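Please read the following report alongside the sequence and the model, and look up each element as it is named.

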Amino acid sequence: MTGAPGHNLRVEGLSIAYGSGPRTLHAVRDVSFTIARGEAYGLIGESGSGKTTVAFALLNYLRGGVIRGGTIEVAGEDVLAMAPAALRDFRGNRAAMVYQDPMSSLNPAIIVGEQIAEALRRHRGLDRRAAWERAVDLLALVDLPGPAALARRHPHQLSGGQQQRVVIALALSCEPDLLILDEPTTGLDTTTQAVVLDLIGELRQRVRASILFISHNLGVVAETCERIGVLYAGELVEEGPCATVVSRPGHPYTAGLLRSMPRADRAAALRPIPGSLPDLTRPPAGCIFADRCEVASAACREGRPGVRRLAGDHLARCLFPERVADLPAGDAGPLARAQGPAPDDAAASLPKLAIEGLGVTFRQRRGLPLIGRLEETRALDGVSLAVPRGQTLAVVGESGSGKSTLARSVVGLIAAERGGLRFEDKALAPRAAGREPDLLRRIQIIFQNPDGALNPQRRVLDIVGRPLRLYGRAPAAAIPARVEELLALVRLGARFAARFPHELSGGEKQRVNIARVLAADPELIVCDEPTSALDISVQAGVLNQLRELQAESGLTYLFISHDLAVVRTISDTVAVLYLGRVVETGPTATVFAGPHHPYTDSLLAALPEVGRPRRPAVAVPPLPGGTGRGCLFAPRCPQRIPGTCDRLVPPLAATGDGRLMACHVPLAGLAEAQRARDAGGRD
Amino acid sequence: MAGPAPGPTATPPGIGARLGRLGIMLFPALLLFLVAFGPLVTPFSATAFDPAATLRPPGPTYLLGTDEFGRDLFSRIVAGAQPTLLPALASTFIGILFGTATGLAAGFLGGRRDEVIMRAMDVLLSFPALILAMLIIATLGANMVTLVFAIGFVFWPRSARLIRSAAMELARHEFVDAARARGEGTAYIMFREILPNMWGIIVVDFTLRFASAVLLVASLSYLGIGVSPPTPAWGLLVKEGQPLLQLAPWVVIFPCIVIAVVSVGSVMFGEVIRRRLTLPDRRILA
């Protein structure tokens, strides 16, 4: 690899289309950017922006898509002109891609070391022994513990973060010129994501590749990359140094994205970007963003704006970048909280939902059916929480914390074995089938995946109308009119009633889900990660919608999320769950202000956020193996008191500032440790 | 630099493909016509002997030739559609009906009930199809009704297995959880939420089983079980013609070709229907 001067990757005027004739989808139009050797370039975009199409084009591997124009050069060589044999070598040897789901790149039947060694034998011509040794070295390079032993494991024996690190090792095996990371941390828990991000930051200095980091998450890209490009509907609308773009965006779309991002470090109202993506079968003649832009004028629709240089290498495709600064700040005004009915009756003083010592154990049979050994996993272990009427309790935790189990127990999809649920003054049967219809109606659930929760064979009219029919909320003849009202309530026009789910966008689907839930006229809505599958600008709209509905009709929410920023935005009280136990709960502002439970602290520390430096992540040791003694977080806890934390289960006790916390370390001790660590981090 | 885009959406289906699809759509209409009116439209009697015209090779008068008794083969095949296809259709219908109900229940209910149902199905599955059908017919007596039920019985566990796996996959979707959380009954979830997503699979299963039922009816009649001479069931035609294979091969070959064409045609028809029934965007099963 001779030191190619200047840019290692050069993309010039790239245009890609899918299909032909009048239905041609112009997915990517006139995109140009360069990445130097050793540089990390972040490509930001929401779904439909064409970011993954660009990534595949760089490998000249477009399935169904056709490159309509432009050039792609890697180390001075034209990728689009390569002969099949050269292309094969390029893809295997000189370019590498890491996908969101590590298991899509790993063969589940082959030990991970061999998967890397195979690539080395094939593309580097190493012999068996040398290839294996190099594979182990690579696993060490990506900070995997005990690489020699780990190389002999199968993918399923590794955690998600370890799998992704193996994939990165695989990608680095042939010392590529170009490393493409396509949402590499999106499927990982916050603390695991932090470890992988640190690794990528560290590798940047060690490998001499150009790194293209694709993500929808500005926070993740902002801390990993030097420069970012913002892709909107197939056009690069802004490009510049990370810090500049994030603090002084030069394009209204970037500014809109920033304002629709919830934040964990302060409670702020969100401003969603109005409208939706333009129809890319007929891209507008003017600015691609004009229809959704708050500062657009007639000139914006007349012709495609050229690229304007704002400062140094900060570019924006906007006629009026100076107007961006005048956009209203990320504040839609504080929402008026509904006062709710005066507490004159006895029920009003009771919490809407009381969760009392809830315990759920999953049993899976190993070996033979019917007679095999049962393996037990405690998903929930004595969880007690209360949701006050008209308020939002958020439950946060990583995967495996039991937060979804909690949501499903409340609506009766999972039967709790221990403890109980109380809705106002009525005890709830563990299973939905055992609950009376009126109680079923008053407690509804919104699921995480807006797509999966809608039956693809049913029209929106039937989907939203079903609860009306089931609970007898409207006579048959009145159902279409009522459905129309409900759709209007979630800002969908009457025309949506006749559509099938596949004819809706992700945000529209989730609105239909909300409309269906509202059709039951519920009092408590369990929201199980309702926005985690949505784009940030769409998420802001759905979150605002939920808050408005609460303000108008005094709904009570149990809000499940892994996203601390979303939790901060929407909740009144918060509970942090770790391996099925509540470790901390209290008013949202108090919990976020700290001092935090060591686990909450590790979650907050791991959160990548724009304009807030993240502390280096602490590697996550494997989960404790079912000893169940002492504090479950002790093996990961930096403030662990030896002899106490690993023996005694800490009780959930009042801290004196309105919170409950399960920690042996006194609050003052936690405050001390966290202050000292923050001070240390600034040096 | 790039010409018109390749790929499935790029070119409209050519005239040949369209004619082919039309042919496949007309295919069941032809079969239904034969089943309903076959015996009425034969040029010659399907059963009457004609000593003057034995073992004639295919020609202008006897399109497909005649057998050793001088019966016109074309007429026998046309008339044989009814005794061959009607039992095949009826038995497929019964098999799929039972299989769908059982598979849906096992896949959706899961757990112990699933184990019990499916192990029972496994027992049935352990018998070779033909042997099981013969066993049932031998026990209950050789007549048309027994034949139909025997073949339906053979299909039952096979169809149940397929539908069960589809139902298990569909039951994992959140729209089923949503229905449960709403308090919908088991029957509603099974028949209104899950079943509509399985029509594609059921149709394909039906046409595949129908093809195999045609062969089973033919085989059973070849073995002399079910339908008996002089009924011109297609399997019987093959059986009766077999001794003449060297002397007059057309007596065997044409019935074999017809059986094959009907089997393949039915499978192709199923594929066309499946694509019509389940638009790609609404399909959540592969």
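This is a predicted model: local features need pLDDT of at least 70, side-chain atom pairs count only at pLDDT 80 or more; totals for chains, interfaces and linings use all residues.

Residues are numbered from 1 along each chain as its sequence is written, chains are lettered from A and ligands numbered from 1 in the order in which they are written, and side-chain values use heavy atoms, with hydrogens and water left out.

**Chain B**

Chain B has 10 helices and zero strands, where helices (H or I, at least four residues) and strands (E, at least two) are DSSP runs numbered from the N terminus. Its C-alpha trace spans about 75 × 70 × 30 Å along the principal axes.

**Two sheets in chain A**

In chain A, an open sheet of four strands has the order S2-S1-S4-S5, with antiparallel pairing; two strands are said to pair if DSSP finds at least two bridges between them. Strand S2 (25-36) and strand S5 (77-78) of chain A stand at the edges with a single partner strand each, so one side of each has no neighbour in the sheet. Between strand S1 (residues 7-18) and strand S4 (residues 65-74) of chain A, the antiparallel pairing runs over eight bridges, and A:Ile16 stands opposite A:Ile67 in S4(A).

A further open sheet of four strands in chain A has the order S14-S13-S16-S17, and its pairing is antiparallel. Its edge strands are S14 (373-387) and S17 (426-428) of chain A, each of which pairs on one side only. On average, neighbouring strands of this sheet are turned by 35° against each other, direction ignored. Strand S16 (residues 418-423) of chain A pairs with S17(A) in the antiparallel sense over three bridges, and the bridge partner of A:Arg422 in S17(A) is A:Ala427.

| Helix of chain A | Strands of chain A | Angle |
|---|---|---|
| H1 (residues 51-58) | S1, S2 and S4 | about 120° with S1(A) |
| H14 (residues 403-410) | S13, S14, S16 and S17 | about 110° to S13(A) |

**Where the chains meet**

How many residues does each chain give to the contact? Chain B gives 26 residues and chain A gives 31 residues. The area buried between them is about 2,700 Å², with 54% from carbon and sulfur atoms; buried area is the accessible area (1.4 Å probe) that two parts lose on being put together, summed over both.

The rule finds two salt bridges across this interface, a salt bridge being a side-chain nitrogen of Lys or Arg within 4 Å of a carboxyl oxygen of Asp or Glu. The side chains of B:Asp177 and A:Arg408 form a salt bridge (2.8 Å, N to O). On the side of chain B that touches chain A, two or more residues come from each of helix H3 (111-125), helix H6 (174-182) and helix H7 (186-194) of chain B, and H6(B) gives the largest share, seven residues.

**Salt bridges over all chains**

By the same rule, the count over all chains comes to 57 salt bridges. In one of them the side chains of A:Arg206 and A:Glu202 meet (2.4 Å, N to O). Because A:Arg206 and A:Glu202 are four residues apart in helix H7 (residues 190-206) of chain A, about one helical turn separates them.

Terms used:
Contact means heavy atoms within 4.5 Å. Axes are lines fitted to C-alpha atoms, for helices over the stretch in contact, and angles run from 0 to 180 degrees between N-to-C directions.
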